[in-house]
Amino acid sequence: MKVRFGIIGSNFIVDWFREAAAPCPDCEITAVYSRTEERAQKLAREWDVPHAHHTLESLAADDTVDAVYIASPNICHAEQAIRMMEAGKHVLCEKPMAIDAGELAQMEAAAKANGVVLLEAMRSAHGPVVPALRSVMEQIGPIRTASFAYCQYSSRYDKWKAGIVENAFDPTMGGGALTDLGVYCVHMLVMLLGMPRSIGAHADFLPGSIDAMGDLVARYPGFNACLTYSKLHESHCPCEVAGENGTIQFGPVGAPRWARWKQRGEEWKTIELAICERDMYYEIEDFMAMVRGELDPAPWQQWSRDAMALLDQARGQAGIDYRPHTPRPEETRDFV
């Protein structure tokens, strides 16, 4: 069964999606949406896609589209996804799938009511990585500590300093370091370790803007897990899970390409992952299998639900919201 996709969005992640979809024999891109007719037609020509739409209504009515891949600004995800699902389209939506748990619940209700699949496009959740890591974790326990980091200097920060505010640093677009980078750490946390008993979260803000870096400590029985994320600096520390009998290291957290482990007192051993170059291929293949009824989406949907619950807690504790505001004293002190 071929799955025909429409695409909402035109940034670099859409290019990755198109490149990863190309080797999938049952995947076909048949439509593209952009807010203006000129832009939609331009993308359709560049991508060699037969149908161009500049309204969500026309995309929803396109009977050549079975599923929609959404890669628009975070603040748009819920409205666009619900509109597509109400038209009977399956939805693969970029992370974070929603602004908060309330939006996610509305999206899940729309998927259930219309008998369609809703899946978060989280690259690390698909392919061989998580099963391989979880298998080795059984040999190093009991777990005593874990750390996951995603710190990447953003070119958009340079633009922000020049007075140009793009989506990543725009509170009204649902951006910020937690939803852009920290979300990968949170997903890895729940995929490998499950839900913690409690968390403690902190964020540092650009004056009058949104969180630019932060950290989260998750408390489990017998150990803590530390998450660090930033759009203001680079870090090359590997992710690590350590237990009484051994240690696992891997990276990068957003889409692991390598992993190794060692038992206490022994040498490092490579964990073979055999990841293909365009690793979005795995999430596309899994999504299409879910659409065909060959794969139960429930485990992945639960990970998304758990991750969103933690993101909501972290935002509340750190004081992150999506409203414009005047610079707070602590913001001015930290960044000016």
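Residues are numbered from 1 along each chain as its sequence is written, and side-chain values use heavy atoms, without hydrogens or water. Because the model is predicted, local features need pLDDT of at least 70 and side-chain atom pairs count only at pLDDT 80 or more, while totals for chains, interfaces and linings use all residues.

The whole structure holds 19 salt bridges (a side-chain nitrogen of Lys or Arg within 4 Å of a carboxyl oxygen of Asp or Glu). One of them pairs Asp-279 with Arg-123, at 3.1 Å from N to O. Asp-279 lies in the loop between strand E14 (269-270) and helix H9 (280-291), and Arg-123 in the loop between strand E6 (118-121) and helix H6 (129-137), so the bridge ties together parts 156 residues apart in sequence. Helices (H or I, at least four residues) and strands (E, at least two) are DSSP runs, numbered from the N terminus. Asp-279 is buried, at 8% relative accessibility. Arg-123 is partly exposed, at 21%. Buried means under 20% relative accessible area, exposed over 50%, and partly exposed in between (1.4 Å probe, protein chains only).

Other bridges lie within a helix. In helix H10 (residues 298-318), Arg-315 and Asp-312 are 3 residues apart, about one turn. Their closest N and O atoms are 2.4 Å apart. Arg-315 is buried, at 6%, whereas Asp-312 is partly exposed, at 25%. Elsewhere, salt bridges with shared partners join Asp-26, Arg-292 and Glu-294 into one network.

Helix H7 (residues 155-161) contains both Asp-158 and Lys-161. Their salt bridge has its closest N and O atoms 3.7 Å apart. Asp-158 is partly exposed, at 38%. Lys-161 is partly exposed, at 49%.
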